[in-house]
Structure formats: structure tokens, C-alpha cells
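User: I am new to this structure and would like to understand the terms applied to it. Please show it to me first.

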Amino acid sequence: MAKKTIKINFDTGWDLAPAPESTGHIQINNKYDLFIGGKWVKPSSGKYFETTNPADEQKLALIAEANAKDVDKAVKAARKAYDTVWSKMPAKERGKYIYRIARLIQEKAREFAVIETLDGGKPIRESRDIDIPLAAAHFFYYAGWADKLEYAFPNRKPKSLGVAGQITPWNFPLLMAAWKIAPALATGNTVVLKPAETTSLTALKLAEVIKETGLPDGVVNIVTGAGETGAAIVNHNDIDKIAFTGSTGVGKIIQNAIAGTNKKATLELGGKAANIIFEDAPLDQAVEGIINGIFFNQGHVCCAGSRLFIQESVYDIVIRKLKDRMESLIIGNPLDKNTDVGAINSKEQLTTINKYIKIGKEEGAEIYQPNCALPKNGYWCKPTLFTGVSQSSRIVQEEIFGPVLAIQTFRTVAEVIDKANNTPFGLSAGVWTDKGSKMFNVTSQLNAGIVWGNTYNKFDPTSPFGGYKESGFGREGGLHGLKAYLKF
Ligand code: NAD
């Protein structure tokens, strides 16, 4: 297939020396077909859609749109591979393939990182230092478990489920694919994966890697498209398990669709995390953690610390430090290694974020944004902080999925626990304090699947991840992640 060179032009008006990562070493095809049964297959409708760079609105590639017929082909390929090869292969051999995938991701890490940044708009620092190494780490971790399942679950004789349908969001495209594919393969299942429509490229690159490893045909199938393609996977009657990461709204549709079927499910959904700063916290460290938790990633993280609670006695100083730090954030070319805040993933997402900023102002909250210029093309949003909000404000209750922080105060431990738990979500939280006893007391009372202490947004393949309430159910990562693909 024809290869092309990507050229990026930026005019941000800043006077710092640019340090952009080169795009010379990457290969993006003009057009991507579906990866079914180990081959590149044209979509039966003949339809393709564009994937663009949100930082400059330029087209990157055409992506095939899979319909129900294509999904059926992919499920059949996955079933055949499950019945004839993968479920029969000795677990040790399965593990070798997974190791190979991990090593190839490491080898091609720079290419993966640049493509992730081009397609999704996140700073190269994040794709280079977080997304890609963690994706490889998940494959390494689960490769190790493939032939040790009986030790992971002693006396329980774990068995694979069959064919897993996996649907991922746009915020961590390769990493979410790794979270899903690696444990599914390690436990002997085969896979039909659908990446998000705005960020399909690294999943398609992963298909190339998978082909290179010689993984038997049909063990991993990757179909691209939007919601209808996802729904065709969910509704297919030969799927044994749905693993979904995305919005709470779509999670509810999926739960309704599979009710009354034998399909197992894990749903990793939205969040509205509380970050809590006590007066005895190391304040500079906490401010850096708050900034990292909500602004470094444009707030495009399900566990973004989007609600901040500051103990009243340190409110003024924390707000001053936060505003000072926001002024020094570098917003712009995501490929630049200095960039802290990249582009918003799509025009639709920018519209949603701007809608919430307007709601915040209309609700009477006080807004603060740094005094910086935004690039002329592409989708951009200034890091935004709201003070003077109340528990009932929509910007406090609803997930925005953008760089918008809503700040409240508190006086006592009991009060902040009440406020932090007063949300429909329960994915993550952060606590900042120097007192160990307070840390244990507060973290154990927060209704959140993940609680960070004096740090934020730290991930590890050995550690389970998942939520309560409207943040979904089931866990990915660690032994919990293996269990979700097994029956006993
Ligand atoms: P989304 O729900 O719009 O889309 C997620 C995926 O579902 C996409 O691949 C999409 O094409 C597909 N989809 C859409 N409609 C569907 C349908 N009816 N049936 C089946 N599939 C369908 O979410 P998004 O905007 O891509 O991602 C952002 C959301 O994901 C946020 O709410 C965020 O909190 C959440 N998220 C959660 C986690 C977690 O681990 N809990 C991680 C990352 C993102």
C-alpha cells in the first residue's frame, strides 16, 4: 500500500525553541481495511471514513467502516480460531506469542507514540512515557500468567470463555486495546476488537504487529467503525463476553442489549474524581498532582481529578499556586516534547467542553483561564478552573472529559468524605496529606475503585482498575483482569 509523509505546520506565536518529535520514521497508509482472519479485508459496504489530526485538522488516513456483515465475518474467524487452534494450544506456547507482541511494541515504541499523538492530539510526552510503555507492560505481564492460571486461581480449574467482543474509547487507544487483548489471549480466548472511530490508527498498527508475530489467523480481529459497528459486536449471538470501556450512556445501552443473554460483561465507564487537599499536605507536590490529574492530558482521562476539594485554611495559597502553575503550562503542538497540554480529541468533544464552560458561567461560578494563545487551527481548550461552585452545580456532577476543574472547600474530614462521595460516579480519587492515619481513614471511606495517596494517575499492569456505581463494574489489570476472561 502507498505510504505518505506527514507534514505539520504550527504557528502558535510562542518564542520558545520548538522541540518537535520527528514524523520521518513513521508509516501511515493512505487507507486501512479491516483485519479479519489474519488478512486485510475490504469492508463489505465499500465505505471508508477519514481520521484526522485534531491539532491541525489534516487528514491522516481513510479507515474502513465495518457493518454487521463484516462483524459477523470477524466473529466467525475468531470462533474458528478458538475452536481449532487457540483453545487447544499449550498455554506456554500462547504465552510466547503474547511476549512477541510485547517486544514488538517496545521495538516500535517511537512509531506508536508519534501515531498516537497525531491521531489523538495528546502530548508526545504522554504517549511516549505512559501510553506505549504501559501497553507493552500489559502484554508482558499477562504473557507471564498464560501458563500459570492454575497458580493464579488454585484448585479452581479456570477455563476460557470463547470469543470476546471488545470496544474501546479514544483517550488511550493502544493502551485500552492492550488492557483488553492481553488478558483475553493469556486466558485462551479469541478477540474481535473495535477501536474508537477518531483514534483507530494504533490499533491498526497493532494488527500489523500481530501479523508479524505469526499469531494464528483469527485469534485477534480488528474491525473499525463507529457506534453501529460496536452495536453489531454487542448484539452478535456468538460472542461470549463484552469488554467495554467508554461513556456511561453507551455502557447502559450495552447492559440493556445483553440483558437476558449468556454474555458476560465488564463495563469501564465514566468518572468524576475527587482530589482532596488537606492543610497538612505537601502543597507544591499536591498542586503539581492536581495539574497532572486534570490538565496534562486535556482532562481526557476517565479518572481525571475534575473535582478539587481544598481545606479552607489553605484555600488561598493553593488557589494562588494553582493559577501560577497554570500560567506556565505550555499548550500547543502535541508533537513538541515541551508541550504540557495538547489538542482536544475531536470537534464534537470540544463542543461538549465549551458547552460545560458556558454552563459553569451561567451557574454563577467564577472562571479562571491562563493568559495564553491557542493555535489557530485544530481543536483547543484553555485549562479552566472554576471556583464558587456548589455540590449541585452541573459542572460538579456531570463528566466533562475536558480540562475543566471545579473547586470547592471543606472544613472537616467527615464533610469532605460526604462531598466527595456525593456523585453518581465512583471510579477514582486522590488524597493529599502528610498524616498516615488520615490517609488511611479517608481513602478507606471513599467510594472509588482507585484511590491515589499523595500522587495521581499512576497505573501498573499488576493493579486492578475499575469503578463503582455509574463508573461501571468489573476490573481490568492484575489477577482481577484475568478472572474477567475465565469461567470456573
Ligand atoms: P463512547 O461511549 O462514546 O465510545 C466508546 C466506544 O463505544 C467507541 O468505540 C464507540 O464507537 C463505541 N460505541 C458507541 N456507541 C455504541 C453502541 N451503541 N454500542 C456499542 N459500542 C458503541 O466513549 P468515548 O467518548 O469514546 O470515551 C470517553 C468515555 O470513556 C468517557 O466517559 C470516559 O470516562 C470513559 N472511559 C472510561 C475508562 C475506564 O476505565 N473506566 C477509561 C477510558 C475512558
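User: What makes D33 and K42 a salt bridge?

Analyst: This is a predicted model, in which local features need pLDDT of at least 70 and side-chain atom pairs count only at pLDDT 80 or more, while totals for chains, interfaces and linings use all residues. Residues are numbered from 1 along each chain as its sequence is written, and side-chain values use heavy atoms, with hydrogens and water left out. A salt bridge requires a side-chain nitrogen of Lys or Arg within 4 Å of a carboxyl oxygen of Asp or Glu. The closest N and O atoms of D33 and K42 are 3.3 Å apart, so the pair meets that definition.

User: Why is D33 called buried?

Analyst: Buried means under 20% relative accessible area, exposed over 50%, and partly exposed in between (1.4 Å probe, protein chains only). D33 has 7% and is therefore buried, whereas K42 has 54% and is therefore exposed.

User: Why are R320 and D324 called partly exposed?

Analyst: R320 has a relative accessibility of 48% and D324 one of 47%, so both values fall between the two cut-offs.

User: How do you know that K180 and E476 form a salt bridge, and what does the pair tie together?

Analyst: Their closest N and O atoms are 2.7 Å apart, so the distance lies within the 4 Å limit. K180 lies in helix α6 (residues 173–186) and E476 in the loop between β23 and α16, so the pair ties together parts that are 296 residues apart in sequence. Helices (H or I, at least four residues) and strands (E, at least two) are DSSP runs, numbered from the N terminus.
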